[in-house]
Amino acid sequence: KSDNNNSEKEKQLNLETFEVFHEIKIAYSRSGLDNTFVSFLFCDIPYLVFATREKSIISYNLNNLCVVTEVKRAHEKDIQNFRQYQKKIKEIYILSVSGIINDIKVWNFKNWECIFHLNKRKIIGSIFSACYIYKDNKDYVITSNSNDTQYIQLYDFTGKEFLTLNDSKGKVTFLDYFYDKEKSKYYIIAGYDDYSRSFDLEENKLYNKYYDKDMSTDWHGSLKINFSDNIVKLIDTNWEDDYLMIWDFHKGTLLSKFKTGGKTIRCLCEWDEYNYFVGDKDHSIKLVDIKNERVIKTFNAHIDWVVTIKKIKIDKYGECLVSMGLSTKENIKIWKMKE
């Protein structure tokens, strides 16, 4: 145990040395919610995909630090949300959301062909979060809405509604899915404006409510699945306070709850099973040890809310962080460890 503790301390000390080495000033986000850009490897090359003020989608090569492709006016209004999915070794799909007009598109990253377009502008409300899922050899888009009378829905690539999730009505601020290999089941995880919930997709029913009588209820804008200590955990946040809440995903019980010393948490990025980077409304990024419930270090490089943080490996620098701030005064910052 002593050796493991020393190894963990050395790792954390190394993470404390992160510094910004590059900024992408054309990147823009008007959304305070997570996933304002995506990062991934394609043919062993690290890429970012993000939006600009001109409503373009940019693919950006992180090895060469340059723009590769610009899809001009990809949506009619501002693009707030992205997701990526690696369908095959050389096939990645990019989902983009212009939530204010309820517009969703799915693109083939290889050639930027738009392979799916769903517009729900007749519905009152906005799409805060959506994601792509490949299930039973079929493509689906999972949608949500800010209107508390709407449900989480699945659409196939013909644009036909495939499924409406029972008991899912409400204002959804974060949406994702999780496949449990041991149970061979898909679960939808959703942050609402009161508490987070999970749904059993196979049985189309509410699986768990992650609610504690002492917790604050507000927008749950960033959720992550964590595997540690032989437990599937849900890392949860909300916009009313500074607490990180860690739940037993399958039991729905609260395992721990602690403050990170900021205003309110806007986004989460898992570095490893016990170390997370947390973006805050106070403009900071905090390195947090969730096992020992402590903040290891605070980084101050942004001048507005930190809304998205991702981890990516860049050939020249190794494992890096990418962070994005809110509004026209902000941009994307890329961080590396000091040599």
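Biologist: In this predicted model, what makes the contact between the side chains of Glu203 and Lys205 a salt bridge?

Modeller: Their N to O distance is 3.1 Å. The cut-off is 4 Å between a side-chain nitrogen of Lys or Arg and a carboxyl oxygen of Asp or Glu, so the pair qualifies. Salt bridges that share partners also join Glu203 and Lys205 with Lys185 and Asp200 in one network.

Biologist: Why is Glu203 called partly exposed?

Modeller: Its relative accessibility is 43%.

Biologist: Is Arg197 buried or exposed, and what is Asp194 called?

Modeller: Arg197 has a relative accessible area of 9%, which is under 20%, so Arg197 is buried. Asp194 has 23%, which lies between 20% and 50%, so Asp194 is partly exposed.

Biologist: What makes Lys224 and Asp34 a salt bridge?

Modeller: Their side chains meet at 3.4 Å, N to O, and the limit is 4 Å, so they pass. Lys224 lies in strand S18 and Asp34 in the loop between strands S1 and S2, so the pair ties together parts 190 residues apart in sequence.

Biologist: Why does Lys224 count as buried?

Modeller: Its relative accessibility is 19%, and buried means under 20%, so Lys224 counts. Asp34, at 3%, is buried by that rule too.

Technical notes. Residues are numbered from 1 along each chain as its sequence is written. This is a predicted model: local features need pLDDT of at least 70, side-chain atom pairs count only at pLDDT 80 or more; totals for chains, interfaces and linings use all residues. Side-chain values use heavy atoms; hydrogens and water are left out. Helices (H or I, at least four residues) and strands (E, at least two) are DSSP runs, numbered from the N terminus. Buried means under 20% relative accessible area, exposed over 50%, partly exposed in between (1.4 Å probe, protein chains only).
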